[in-house]
Amino acid sequence: MPFDISLSYPQWQGSGRHTDLPRGATAAAAVCAQFAPMVRVPVADDDAADAHGVHRWDAIFTQFRNAKALLAQSNARRVLAAGGDCAVDIAVIDHLHGMHPGLQVIWMDAHLDANTPETSPSGNFHGMPVSAILGRAPAPMRELMGPPIDPARFRYVGIRVGDDGDWALQRELALRQLDPQEAIRGPVHIHFDLDVLDPREFPHVAYPEGGLGVEDAVALVARIARDADLVGFTVTEFAPLDEEAARDGSRVIQRLCDAAAGR
């Protein structure tokens with residue numbers, strides 16, 4: 001199998017939307033389970049307290065610690081993960097960075113996700129994972145993490161939307177978008193927020209603001225898997241309205257995972 005573990009991480013608290021994300025996380029996990037043995041992060045208490053400038057912090061932090069423990073116990077060097085909201089990737093990327101010190105991160109998303117607790121207008125943690133992996137996580141989380149990702153080893157794909165705090169961190173750290181012709185080598189993790197996709201082709205998200213075509217997305221994932229050492233792939237923010245929508249969206253997730261696995 002191309003991945004050592006498939007991690008089901010159905011956290012919704014980072015987005016604050018508890019209705020459709022759990023349905024999407026279940027459907028995404030069913031796809032990912034075809035590629036590696038499945039391990040599930042338990043869902044924490046719905047009524048968790050706010051702290052550190054983050055809504056539902058207690059639940060998010062509990063799930064982060066549980067995910068870290070499961071990944072460490074697995075000793076996995078190659079991880080396929082199914083969210084949940086975008087913040088699930090903090091634990092995955094931190095684990096893979098420990099396994100692969102030169103890890104590069106490709107962040108495919110319509111949103112920059114680079115707010116900090118100090119700059120976020122909403123307090124929703126799914127808008128903060130990029131800042132977290134680059135060293136700006138809330139203190140209790142940062143203390144459990146290894147060295148931050150080098151901003152020079154981080155690339156965006158498909159970003160369109162950001163708050164003032166997002167753009168400020170992007171400028172401060174000189175975060176770049178991936179050049180279509182840029183060669184990608186070495187260990188790579190892809191974060192794939194499904195809202196990067198054009199909603200005319202993939203409407204099953206809470207924030208339909210992307211513009212990337214499905215064929216282009218699949219082709220890019222396949223190119224990275226072919227040219228580099230793709231050690232991680234996480235799919236997030238699948239929010240189908242009903243079971244029919246879940247089946248429809250799962251077909252796209254299947255194509256993305258096939259591409260990541262080199263099939």
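**Sheet edge**

I started at Tyr 156, which stands opposite Gln 177 in strand 6. Strand 5 (residues 154-157) is joined to strand 6 by two bridges, and the two run parallel. For the record, strands are DSSP runs of E with at least two residues, helices are runs of H or I with at least four, and both are numbered from the N terminus. Two strands pair if DSSP finds at least two bridges between them.

**Ground rules**

I am working on a predicted model, where local features need pLDDT of at least 70, side-chain atom pairs count only at pLDDT 80 or more, and totals for chains, interfaces and linings use all residues. Residues are numbered from 1 along each chain as its sequence is written, and side-chain values use heavy atoms, with hydrogens and water left out.

In what order do the strands of the open sheet come? I read 2-1-3-8-7-4-5-6, eight strands with parallel pairing. Strand 2 and strand 6 (176-177) are the edges, since each pairs on one side only. The chain has eight helices to go with its eight strands.

**Strand 1**

I looked at strand 1 (residues 5-9) next and found five of its five residues buried. Buried here means under 20% relative accessible area, exposed means over 50%, and partly exposed is in between (1.4 Å probe, protein chains only). Ile 5, Leu 7 and Tyr 9 are on one side of strand 1, Ser 6 and Ser 8 on the other, and both faces are covered.

Then I checked the neighbours of strand 1. It runs parallel to strand 3 (residues 79-83), joined by five bridges, and Leu 7 has Ala 81 as its bridge partner there. Strand 2 (residues 38-40) is also parallel to strand 1, with three bridges; in that pairing Ser 6 stands opposite Met 38.

**Strand 4**

Is strand 4 enclosed or open to the outside? I get five of five residues buried, so strand 4 is largely enclosed by the rest of the structure. Gln 104, Ile 106 and Met 108 are on one face and Val 105 and Trp 107 on the other, and all are buried.

Strand 4 pairs with strand 7 in the parallel sense over five bridges, and I noted His 189 in strand 7 as the bridge partner of Val 105. Four bridges join strand 4 to strand 5, again parallel. Trp 107 stands opposite Tyr 156 in strand 5, which takes me back to the residue I started from.

**Phe 192**

I picked Phe 192, in strand 7 (residues 187-193). Its relative accessible area is 0%, so I log Phe 192 as buried. Which residues does Phe 192 contact, leaving aside neighbours within four places in sequence? I list Met 108, Leu 197, Ala 217, Val 221, Phe 233, Thr 234, Val 235, Thr 236 and Leu 256. Contact means heavy atoms within 4.5 Å. I also looked up Gln 63: it is 129 residues from Phe 192 in sequence and 20 Å away in space, C-alpha to C-alpha.

**Asn 115**

Asn 115 lies in the loop between strand 4 (104-108) and helix 4 (129-136). Not counting residues up to four places away in sequence, Asn 115 touches Ser 120, Pro 121, Gly 127, Met 128, Ser 131, Asp 163, Gly 165 and Asp 166.

**Helix 3**

I find helix 3 (residues 89-99) mostly covered, with 10 of its 11 residues buried. Among the buried ones I noted Asp 89, Asp 94, His 95 and His 97, along with Ile 90, Val 92 and Leu 96.

**Chain totals**

The chain has a radius of gyration of 16 Å, which agrees with the value near 18 Å that a compact globule of 263 residues would have. That radius is taken over C-alpha atoms, and the globule rule is 2.2 Å times the number of residues to the power 0.38. The C-alpha atoms fill a box of roughly 45 × 40 × 40 Å along the principal axes. I also wrote down that 58% of the 263 residues count as buried. Of the contacts with a separation of 6 or more, 75% come from residues 24 or more positions apart.
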